[in-house]
Amino acid sequence: MVAERANVSRVAVSRAFNPHTSLKPEKRELILRIAQELNYSPDRAARALVSGRTHLVGVIVPDVCSNWESQEIDALTTALQAEGFATLLFKTRTDYSMDEQLLAYMRGFNPDSVIAFVENVKPKTLTRFLHRAVPIYVDYPLAGADGARDSGPLFDRLNILQYDGIDQAVALLQGYGVNRVAYLAGIDKSRASQARENTLRKVMADRGMPPPSVIQGDFGYDAAFRATLDLFRIGKGADAIFAANDVSAFGAMDALRHELQLRIPQDVRVVGFDDIAQAHWKSYNLTTVKFDLDERVRALVRLILRRLNNPQAPGLEETLNTRLIVRGTVG
């Protein structure tokens, strides 16, 4: 009906709904206007049978409510929709593992790509439940470590390099005479938290500083608050707290100020990680190591498009760096 009214072929109608196909702008505009008048939308299932693409991207996350994940999911969903993709969101268990029944359910959608923010769903497990999609993993390689891939199933990778941002933070702390640093860790099984701790240890060793003490958090506010109280009331305290994420830093700051009556930064300096939107709020004004969220999302979308354009390519990679955002909690 749309093709007849617009006096074009059915192929032209199909191309009009795909932003990546070439079509004269005036013809696309005509087709889309007539389709709207007729309340027509393309049959995605039929198109998938013809093209071999579903225009679906699976995203596996450990949490949908935490500040960083919610901001990243929002930005990623927006970017994917602009490229003509819909998002399928899957959540892991609290221990970061994923029910194989849920993986089988995901396979039924036959997604074009799957982004795994959770390293515990290993490629050898995930790829068993995918037809043609090559998963993308977000990784946190340690500076100087061998980046060679293990032999196994094909996957693509976004590398987040943390050394520079953490080195800038430690250099700033060192400049203020800080010697005793406590690392406020995230969840035990989190590769991101472990990578940050290992990188912090390497940076401090490279700068001739003693290793950090470690206090256990869970990336959340309440655990960080309690851990900070224990650090100063039971432990030996610290000159500075380096938190695994910004929300943990907020918990540490409130414990220092409101329970321990310590001043920030005069008595204790605090550094966070991520640079979530709330980090610049005046009540926190947090110095933090920044992931550039827009750059990270663009890199993930590039990996998806590169893989779809070249399905047989070996493992693809994108690499992003981190940097320090200086606010008021260090000096």
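The following questions and answers concern a predicted model of a single chain and its computed geometry.

Residues are numbered from 1 along each chain as its sequence is written, and side-chain values use heavy atoms, with hydrogens and water left out. In this predicted model, local features need pLDDT of at least 70 and side-chain atom pairs count only at pLDDT 80 or more, while totals for chains, interfaces and linings use all residues.

Q: How many helices and strands does the chain have?
A: Helices (H or I, at least four residues) and strands (E, at least two) are DSSP runs, numbered from the N terminus. On that basis the chain has 12 helices and 12 strands.

Q: What percentage of the residues count as buried?
A: A residue is buried under 20% relative accessible area, exposed over 50% and partly exposed in between (1.4 Å probe, protein chains only). Among the 331 residues of the chain, the buried share is 50%.

Q: What percentage of the contacts with a separation of 6 or more comes from residues 24 or more positions apart?
A: A contact means heavy atoms within 4.5 Å. Of the chain's contacts with a separation of 6 or more, residues 24 or more positions apart account for 69%.

Q: Which elements each supply at least two residues of the lining of the largest cavity?
A: By class, this lining has 3 nonpolar, 1 polar and 3 charged residues; Ala, Val, Leu, Ile, Met, Phe, Trp, Tyr, Cys and Pro count as nonpolar, Asp, Glu, Lys and Arg as charged, and the others, Gly among them, as polar. The elements that each supply at least two lining residues are α12 (293-309) and β11 (317-321).

Q: What is the angle between the planes of tyrosine 105 and phenylalanine 109?
A: Rings of Phe, Tyr and Trp (its six-membered ring) pair if their centres lie within 6.5 Å; planes under 30 degrees apart count as stacked, over 60 as edge-to-face and the rest as tilted. The whole structure contains 9 aromatic pairs. Tyrosine 105 and phenylalanine 109 form an edge-to-face pair, 5.3 Å centre to centre, with an angle between the planes of 85 degrees.

Q: How many residues apart in sequence are the parts that phenylalanine 250 and tyrosine 284 tie together?
A: Phenylalanine 250 and tyrosine 284 form a stacked pair, 4.1 Å centre to centre and 20 degrees between the planes. Both residues are buried. Phenylalanine 250 lies in helix α11 (residues 246-259) and tyrosine 284 in the loop between β9 (269-274) and β10 (287-290), so the pair ties together parts whose separation in sequence is 34 residues.

Q: Which residues do ring pairs link into a cluster?
A: Ring pairs also join into a cluster. The linked residues are Trp68, Tyr140, Tyr183, Phe242, Phe273 and Phe291.

Q: Which residues are joined by a cis peptide bond?
A: Proline 265 is placed in the loop between α11 and β9. The bond in question has an omega of about 10 degrees, and the residues joined by it are isoleucine 264 and proline 265.

Q: Which residues is aspartate 267 in contact with, leaving aside neighbours within four places in sequence?
A: Aspartate 267 lies in the loop between α11 and β9 and is partly exposed, with a relative accessible area of 32%. Leaving aside neighbours within four places in sequence, aspartate 267 is in contact with Asp239 and Leu262.

Q: Is aspartate 274, with its positive phi, buried or exposed?
A: Aspartate 274 is not a glycine, yet its phi is about 125 degrees. The residue is placed in strand β9. Since its relative accessibility is 6%, aspartate 274 counts as buried.

Q: What distance separates the C-alpha atoms of threonine 87 and glycine 58?
A: Threonine 87 lies in strand β2 (residues 86-91) and touches Val57, Val59, Thr77 and Leu80, not counting residues up to four places away in sequence. Threonine 87 and glycine 58 are 29 residues apart along the chain, and their C-alpha atoms are separated by 5.9 Å.
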